[in-house]
Amino acid sequence: MATGRTFMLNDVSIIPALGLGTWQSPDEEVYEAVLTALNTGYKHIDAAFCYGNEVPVGKAIKDSGVPRENIFLTSKLWSTGHTRVSEDLEVSLKNLGVEYVDLAIIHSFLPLRDLLPDEDWNYITTWASMQELLKTGKVKSIGVSNFSTYHLEQLLKAPSTIIVPAVNQGVQCQIYQQCLFQHRTY
């Protein structure tokens, strides 16, 4: 059974300390895992469009009988969606069969360059769009994932940043990034 421990985010939303991740789970497996998790006390389900299994995750949420307001649901914007933040959220909401997510996250600071309208577009521009999601009522909190200290500092210094990310899920360390991206600046 899941713990009842929670944390208060900087926007005063309450997030369960323990959640079920759905990455790399085939449809039948993720359906059963989410259903079992919710029926044994888990309150946080972590999903993402790029996992390719949002539909069975949503079906399990519905079939669990647990009221939606008792579930903390996270979804993530993949690197292909940096210029289509609102549109990609709508796809995830439809796939999950819900009206809102509790937390929407930029999955990576690194957008796929060949999909960007110009070379000045970056994660800071994407964050400006993420902030707009809060006005729709379809997202309660926004955050980032896989951001290094450097990327967070740049984001927080940007004039367009009005809202501080509520979470940084999956912190990148500098050595890893230097090896992976060979000292390129993004």
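**Notes on the predicted model**

1. Let me start with helix α2, residues 54–64, where E54, P56, V57, G58, A60, I61 and S64 are buried. Buried here is under 20% relative accessible area, exposed is over 50%, and partly exposed is in between, using a 1.4 Å probe on protein chains only. Helices (H or I, at least four residues) and strands (E, at least two) are DSSP runs numbered from the N terminus. The cover over the buried residues of α2 includes α1 (27–39), β4 (44–46), β5 (72–77) and α3 (85–96). After α2 comes G65, with a positive phi near 80°.

2. A word on the basis for all this. This is a predicted model, in which local features need pLDDT of at least 70 and side-chain atom pairs count only at pLDDT 80 or more, while totals for chains, interfaces and linings use all residues. Residues are numbered from 1 along each chain as its sequence is written, and side-chain values use heavy atoms, with hydrogens and water left out.

3. Now the overall layout. The secondary structure comes to six helices and eight strands, and along the sequence the pattern reads β-β-β-α-β-α-β-α-β-α-β-α-β-α. Of the 186 residues in the protein, 47% are buried. Contact means heavy atoms within 4.5 Å. Taking contacts between residues at least 6 apart in sequence, 74% join residues at least 24 apart.

4. On to charge pairs. A salt bridge is a side-chain nitrogen of Lys or Arg within 4 Å of a carboxyl oxygen of Asp or Glu, and by that rule there are seven salt bridges. K76 pairs with D46, their closest N and O atoms being 2.5 Å apart.

5. An α-helix has 3.6 residues a turn, so residues three or four places apart point the same way. K59 counts as partly exposed because its relative accessibility is 46%, and D63 is partly exposed as well, at 36%.

6. K138 and E90 make another salt bridge, at 2.5 Å from N to O. This one links distant parts of the chain: K138 is in the loop between α4 (123–133) and β7 (139–145), E90 is in helix α3, and they are 48 residues apart. K138 is partly exposed at 28% relative accessibility, and E90 is partly exposed at 33%. Separately, R68, D102 and K140 are linked in a network of salt bridges.

7. F49 deserves a look. Its place is in the loop between β4 and α2, and it is partly exposed, with a relative accessible area of 39%. The C-alpha atoms of F49 and S92 are separated by 6.2 Å, although the two residues are 43 apart along the chain. Not counting residues up to four places away in sequence, F49 touches E54, S75, K76, V91, S92 and N95.

8. Next, the hydrophobic packing. A nonpolar core is a set of buried Ala, Val, Leu, Ile, Met, Phe, Trp, Tyr and Cys residues joined through side-chain atoms within 4.5 Å. The largest has 36 residues, and those with the most contacts inside it are V34, I45, V57, V101 and M130. At least two residues of this core come from each of α1, α2, β5, α3, β6 (101–106), α4 and β7. The largest share, six residues, is from α1. Setting aside neighbours within four places in sequence, M130 is in contact with L77, V85, A104, I105, I106, I142 and G143. A second, separate core of seven residues includes L9, L103, I105 and A166.
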